[in-house]
Amino acid sequence: MKFIFWALLGLGMIVSTAHGRTLAEAAAQMARPLKAGCVVTGERVGDDVKYAISGAAPEAAGVPPEKLVFEIGSISKVFTGLLLAQAVVDKKTTLETTLGTLLGERVKFGDPRVAAITLKQLATHTSGLPRMPDNAVAGALEDDPYAGYDEKLLLSYLASARLEGEGPFTFSYSNLGMGLLGHLLGERYGISWDQAVAEKICRPLGMQDTAVQPQAGLRLATPHDGGKETKPWHFAALAGCGALRSTAADMMKFGEALLHPDKTPLKPAFALALRPQAEAPSLGGQIGLGVLMGKFDGEAALYHDGGTGGFCSGLQVLPAKGIVRVALISSNELAGSQVIAGTAATKPVDPATQKEITLPAEALKQYPGVYELDRDSRFTVLLRDGKLYVNLTAQPFLRAFARAPDRFFYKAVAAEIAFNRHEGAVQSLTLFQNGNEITAKRSQTPPPDYKLRPGKELQPYAGKYELMGLKPMTVTVVAGTLFAQLEGQPAMPVFETATDRFEYDVVKAVLVFTRDDKQQINGLTLLQNGMTVPAPRVKSPTSAPKP
């Protein structure tokens, strides 16, 4: 029995305090709180390229930082998108080729809409497929969740899959979709996806140290889950969504190719891959074939983040400024985009300088609701005791303070929220943060009835619990919110819906805490996918009876 949160890329409210600094300076500041691991950066400004390392990395002794190997996670998706473009150039396929055309002889599709999905839709996260298949857990390993998901499981899923809603589908991030695309492209070339990436992309661009299994002699950074070493990840049928490993030097070469595609042997493929193919409203921009397109400091940016069990990464290219930034991190506690955000020239408005106003109670009642970015991400706005609270999926609720009608700011982070009206009614909200704007449309779904309590009242739930058949789960209180973390996986917030009952907002799962005869918390039960998994609380040494 396995309990897995599948994720390679998160959308979060990331704030840096190192604005206006070089990438190396931003990384040095952000690496200080890391319990373990290092940050390697590469930054090109004009013709000047600099590499640096911050944090702890004993394994890097005697190795130039730009030659240390990291898992790059979802940045692999940019390679998969570029491989699709190259396959089109090579006349191996087209953007409009469907799954039915490629798999019709091997898969009996139960939903004709799945058979009609195109390769372009896979590359732009507009296929309607979920983030991960519902049969993924059957092949999952707790410390290596993608390793057991093979072609048999993938084809079985496609035969039984049923899409939710009616197309055309908008952007909704899918590791499954991009992994499937990589698998199909490998088949079109008659080799594996990683061999196709090496032959068609890495070798032409001179990236000798980028592969699923880099050449012998290179040193892999040690991955860390918080303060503990963890295992590298491996991939089977879904390799195209996140299997690559690389160095800062090679990622700089890739960034330079994105910066000057006309100077590369892959000019036609880059021309297709870098053409906007779909809107990505949840990210405040667009998407080409695998590559994300947005704004940074008011300039057009190409970018992608990545993350695996013990690594995070970030790649950013600003074509107009001739800038390439690479951040590779051997810890799951610091996102690549967070490090890169520290270079922003525009300093965010200091919340301490904002002036709060009081809005009438009737005015505040207009804002609560669910504001959808895509199928998996949403803002939830709650009104509790005359105060407005806002959260983004997988984030804690933060109080928002009014500075004008329909305009709110946070004190906890440097960000603002604007509620947008149409014909007098609130129809959407826009988040302003780090020079970016993300707009979410209001849905008809009523907001959940979460009970928001002070963190000190949640403290009795904090502790370690031994899930039967699984690794330990640690429950903590952060920012007034209860977080649950299965060992080897990210901490996720859970929200109280009834006494001792807490729900996740990122997956369909519930934690129900149990009490002893003295009404003390003595365990919890995980409810997910029809499973009921009990977990007794681990007694701390201080609570053990004295001999």
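# Chatting through a predicted model

Student: Which residues touch the most other members in the largest nonpolar core?
Tutor: F79, L99, L122, L158 and F254 do, in a core of 86 residues. Keep in mind that this is a predicted model.

Student: Take L158. What does L158 touch, leaving out residues up to four places away in sequence?
Tutor: L99, L103, V107, F109, V114 and L180.

Student: What about another core, apart from that one?
Tutor: There is another, of 25 residues. Among them are L364, L392, A415 and V426.

Student: New topic. What is the strand order in the open sheet?
Tutor: The order is 2-1-12-11-10-9-8-7. That is 8 strands, with antiparallel pairing.

Student: Which ones are the edge strands?
Tutor: Strand 2 and strand 7, residues 278-280. Each of them pairs on one side only.

Student: And the twist, what does it average from one strand to the next?
Tutor: 25°.

Student: How many bridges join strand 7 to strand 8?
Tutor: 3 bridges. Strand 8 covers residues 285-287 and runs antiparallel to strand 7.

Student: On to helix 1. Which of its residues are buried?
Tutor: L23, A26, A27, M30 and A31, within a helix that spans residues 23-31.

Student: Why do they line one face of the helix?
Tutor: Look down the axis of helix 1. The buried residues fall within an arc of 125°, so they line one face.

Student: What covers them?
Tutor: The cover includes strand 1, strand 2, strand 12 (323-329) and helix 11 (336-341). Helix 1 lies across strand 1, strand 2 and strand 12. Its angle to strand 1 is about 165°.

Student: Last one. What is the mean pLDDT?
Tutor: The mean is 91, and 93% of the residues reach 70 or more.

Student: Where does pLDDT stay under 50?
Tutor: Over residues 1-18, for one. The model has 93 contacts beyond four places in sequence for that stretch.

Note on methods. Residues numbered from 1 in each chain as written. Predicted model: local features only at pLDDT ≥ 70, side-chain atom pairs only at ≥ 80, totals over all residues. Heavy atoms only, no water. pLDDT = per-residue confidence, 0-100. Contact = heavy atoms within 4.5 Å. Buried < 20%, exposed > 50% of the residue type's maximum accessible area, 1.4 Å probe, protein only. Helix = DSSP H or I, 4+ residues; strand = E, 2+ residues; numbered from the N terminus. Arc of directions from axis to C-beta. Pairing = 2+ DSSP bridges. Axes fitted to C-alpha atoms, helices over the stretch in contact; angles between N-to-C directions. Core = buried A, V, L, I, M, F, W, Y, C linked by side-chain atoms within 4.5 Å.
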